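The sequence and structure are shown first.

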Amino acid sequence: MGKLDGRVVIVTGAARGQGEQEARLFAAEGARVVLADVLDDQGEALAKEIGEGRAAYVHLDVSREDDWQAAVAAAKRAFGKVDGLVNNAGILRFNELTSTPLDEFQQVIQVNQIGAFLGIKSVAPEIEAAGGGTIVNTASYTGVTGMAYVGAYTATKHAIVGLTRVAALELAARGIRVNAVCPGAIDTAMSNPAQLDPEADGEAAAQALGELYAKLVPLGRVGQPEEVARLALFLSCQDSSYITGQPFVIDGGWLAGVSVL
Ligand SMILES: NC(=O)c1ccc[n+]([C@@H]2O[C@H](COP(=O)([O-])OP(=O)(O)OC[C@H]3O[C@@H](n4cnc5c(N)ncnc54)[C@H](O)[C@@H]3O)[C@@H](O)[C@H]2O)c1
């Protein structure tokens, strides 16, 4: 018996990173998974690998409402219903607030914040029609504390925590639980762009990051996307049946307190 037997879950940003691991784990736990992303080749290859009948890929730019409508329709065509959503897609831009161009700030809001809003708005009615289910929003540790040089990103991640609370209040009576994961530093292309650069010295980049997180993070290492996937699974299955409206930090203890060493 899988923890998600009979469920149909849309995972956004599923072509790589945390979304990929969520799609793999959810399928292994019995769900049929709709992988949604803008990286069509990677997403399609992954869905194929997970297996026809277990996974399907749809092109979805989370910032576009018409894409959401098409994705929900495609999910229902493939698997008959939708009763789960992981709003995972996101982008990161580094800049000092006073140097951030308006269009960069707006782009981050468009994908991270409006993308999560449109996901809730588009999918919640389908989850209700399916008899209830779950939404997991991907915020960040920057959703519960500040971080210099990522002001636009931090603002959107705080907004996602707020959206999570409001959605939980409004959707509880419709049988939908809504929670947020707040990852710290996770070993994906977002925190280590060298993973995407064929010219980069991947080993050197990984070693430098390893040394950085050994100092910063009490557990002494960067987190793995599989670890976040297990938290998203917990929040999507019956193990968390009495939990809604909460942000869950998963950061190796980084936010536990101020280090003196
Ligand atoms: N990696 C970290 O350290 C970290 C920490 C905290 C939170 N997060 C959050 O976790 C989530 C997943 O990021 P990741 O670490 O796997 O990084 P990633 O960059 O590997 O994955 C992000 C995915 O989102 C997709 N995406 C980007 N824009 C999109 C759009 N408009 N529509 C649909 N898909 C889009 C990308 O194509 C990619 O597949 C993000 O929301 C990110 O903000 C990451």
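A pocket here is an open set of grid points with protein on both sides within 12 Å along at least five of seven lines. The model is a predicted one.

## Largest pocket

The largest pocket holds about 1,200 Å³ of space. Its lining consists of 46 residues, and those closest to the centre are Gly90, Leu92, Thr188, Met190 and Ser191. By class, the lining of the largest pocket comprises 28 nonpolar, 13 polar and five charged residues.

Several secondary-structure elements contribute to this lining. At least two residues each come from α1 (17-28), β2 (32-37), α5 (151-171) and α6 (202-216). Helix α6 provides the largest share, with four residues.

## Second largest pocket

The second largest pocket has a volume of about 180 Å³. Helices α4 (102-129) and α5 each give at least two residues to its lining. The lining residues are Phe117, Ile120, Lys121, Ala124, Pro125, Leu163, Val166, Ala167, Glu170, Leu171 and Arg174. Eight of the residues in the lining of the second largest pocket are nonpolar and three are charged, with no polar residue.

Strand β5 spans residues 133-138, and six of its six residues are buried. In a regular strand the side chains alternate between the two faces of the sheet. On one side of β5 are Gly133, Ile135 and Asn137, on the other Thr134, Val136 and Thr138, and all are buried, so that both faces are covered.

Strand β4 (residues 84-87) pairs with β5 in the parallel sense over four bridges. Val86 has Val136 of β5 as its bridge partner. From β4 the chain passes through α4 to β5, and this β-α-β crossover is right-handed.

Strand β6 (residues 176-183) also runs parallel to β5, and six bridges join the two. Thr134 has Arg177 of β6 as its bridge partner. A right-handed β-α-β unit is formed by β5, α5 and β6.

## Enclosed space

Rolling a probe the size of a water molecule over the atoms shows where empty space is left. In this model the count comes to one cavity of 30 Å³ or more. The largest cavity has a volume of about 40 Å³.

The largest cavity is lined by Thr12, Val62, Asn87, Asn88, Ala89, Asn112, Gly115, Ala116, Thr138 and Ile160. Among the elements, α4 supplies the largest share of this lining, three residues. The lining of the largest cavity divides into four nonpolar and six polar residues, with no charged residue.

## Aromatic pairs

A pair of aromatic rings is described by the distance of the centres and the angle of the planes. Two aromatic pairs are counted in the model. In one of them, the ring centres of Tyr141 and Trp254 are 4.9 Å apart with the planes at 40 degrees, so this pair is tilted. Tyr141 lies in the loop between β5 and α5, and Trp254 in the segment after β7 (247-250); the pair links distant parts of the chain, 113 residues apart.

For Tyr213 and Trp254, the ring centres are 6.0 Å apart and the planes are at 75 degrees, so this pair is edge-to-face. This pair also links distant parts of the chain, with Tyr213 in helix α6 and Trp254 in the segment after β7, 41 residues apart. Tyr141 is buried. Tyr213 counts as buried because its relative accessibility is 9%, and Trp254 is buried with a relative accessible area of 18%.

## Loop between β5 and α5

Val150 is also found in the loop between β5 and α5. Its relative accessibility is 2%, so Val150 counts as buried. Val150 and Arg93 are 57 residues apart in sequence, while their C-alpha atoms are 6.4 Å apart in space.

Definitions and conventions
Residues are numbered from 1 along each chain as its sequence is written. This is a predicted model: local features need pLDDT of at least 70, side-chain atom pairs count only at pLDDT 80 or more; totals for chains, interfaces and linings use all residues. Side-chain values use heavy atoms; hydrogens and water are left out. On a 1 Å grid over the protein atoms alone, a cavity is a set of points where a 1.4 Å probe fits but cannot get out, and a pocket is an open set with protein on both sides within 12 Å along at least five of seven lines; lining residues have an atom within 4 Å of a point. Grid points are joined across faces, edges and corners, and a volume is the space filled by probe spheres set on the points. Ala, Val, Leu, Ile, Met, Phe, Trp, Tyr, Cys and Pro count as nonpolar, Asp, Glu, Lys and Arg as charged, and the others, Gly among them, as polar. Buried means under 20% relative accessible area, exposed over 50%, partly exposed in between (1.4 Å probe, protein chains only). Two strands pair if DSSP finds at least two bridges between them. A crossover is right-handed if, with the strands pointing away from the viewer, the path from the first strand over the helix to the second runs clockwise. Rings of Phe, Tyr and Trp (its six-membered ring) pair if their centres lie within 6.5 Å; planes under 30 degrees apart count as stacked, over 60 as edge-to-face and the rest as tilted.
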